[in-house]
Amino acid sequence: MTKLKRLPLKKEHTACLAEYGLQNVPISACCCLRFAAGEDVLREGHPIGWIAIVVEGNAKVCRTAPNGKSLILCYNISHGLIGEIELMTRQVNATSSVKAVTELECVAVSYQNCLAELKTNLVFLNKLGTELAEKLTASSDNFTSTALCTGEQRLCAYVIQNSHRGLFCDTLTDVSCSVGMSYRHMFRLLGKLCEEGMLEKRESGYCIVDQEELARRSRTAAELYQRV
C-alpha cells in the first residue's frame, strides 16, 4: 500500500470524533489520513490497523472473486466509517478493497491503542450499528435493482449517480460489473444513449447532455440507487 499521508488533527476532525462518541480517545492514537484520487485506502487481504471516519471525498468498495474479476459493492462512500466490518468480525485483514475516487480525507483511530474503547463505547457502537443496517439496506436495494430493472434503467441510474459536474468517466469494465451486464452490452447501451442525444462521448468520458431524459429513463433504478 502507498505510504499513508498522516497529518495532525484539526478542529473539524475532533468534531467528527465527538459525533461518534470518541472525543475521549487519546489524540496520539488518532490522525488525519489523506488519499489522492485513485489511491488505495485498503487492499483486500492486507492488514488493517485502524477504523476511519470519512471527513470528505468519495471512495469505492470492491471485492475480488476467485476468478480474478472485481465487483464494485459501493461506489459512493462520502461519509461514515471505513473498517467497521473488520472491527466487528475481528478480521486482521481487510475483507474488501477501498479506493479513493476523488481526494479523500479521513480521521483514523488505531485498533491497537483504542480497541477496548471501540468495543465498549455505546454511542460509537450505536452509530456503527446504524451504518451497518443502512449498508445492508443498500445492498438489498442493489440486488433488487439488478433483478427487476432493465439494463438501460440500471445504467442510466448509475451514470446519474456517479457523474461529477455533468461528466461520467468511470472505468467501463468496473461499470459493467456494477450494473450487472456484459461489457459488450453496456457499451452498446452507452452508444445508444449517445445516438439518442442523452450523452456525448468525449476523450475524458461521457458528458451528460440531457439530464432530464436520462433521469426519466432511469426511473425505478434511480429511486433505489438514491437510497444508497
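Visitor: Which residues does Ser110 touch, not counting residues up to four places away in sequence?

Guide: Ala29, Gly49, Trp50 and Leu115. Contact means heavy atoms within 4.5 Å. This is a predicted model: local features need pLDDT of at least 70, side-chain atom pairs count only at pLDDT 80 or more, and totals for chains, interfaces and linings use all residues. Residues are numbered from 1 along each chain as its sequence is written, and side-chain values use heavy atoms, with hydrogens and water left out.

Visitor: Why is Ser110 called buried?

Guide: Its relative accessibility is 16%. Buried means under 20% relative accessible area, exposed over 50%, partly exposed in between (1.4 Å probe, protein chains only). So Ser110 counts as buried.

Visitor: What makes helix 5 roughly perpendicular to helix 7?

Guide: Helix 5 (residues 151-161) and helix 7 (residues 183-195) pack at about 70°, with axes 11 Å apart. Axes are lines fitted to C-alpha atoms, for helices over the stretch in contact; angles run from 0 to 180 degrees between N-to-C directions. Under 35 degrees is roughly parallel, over 145 roughly antiparallel, 65 to 115 roughly perpendicular, the rest oblique. Therefore the pair is roughly perpendicular.

Visitor: Which residues meet there?

Guide: Gly151, Glu152, Leu155 and Cys156 in helix 5 meet Met186, Leu189, Leu190, Lys192 and Leu193 in helix 7.

Visitor: How do you know that strand 11 and strand 12 pair?

Guide: Two strands pair if DSSP finds at least two bridges between them. Strand 11 and strand 12 (residues 205-208) have 4 bridges, in the antiparallel sense. Lys201 stands opposite Tyr206 in strand 12.

Note on methods:
Helices (H or I, at least four residues) and strands (E, at least two) are DSSP runs, numbered from the N terminus.
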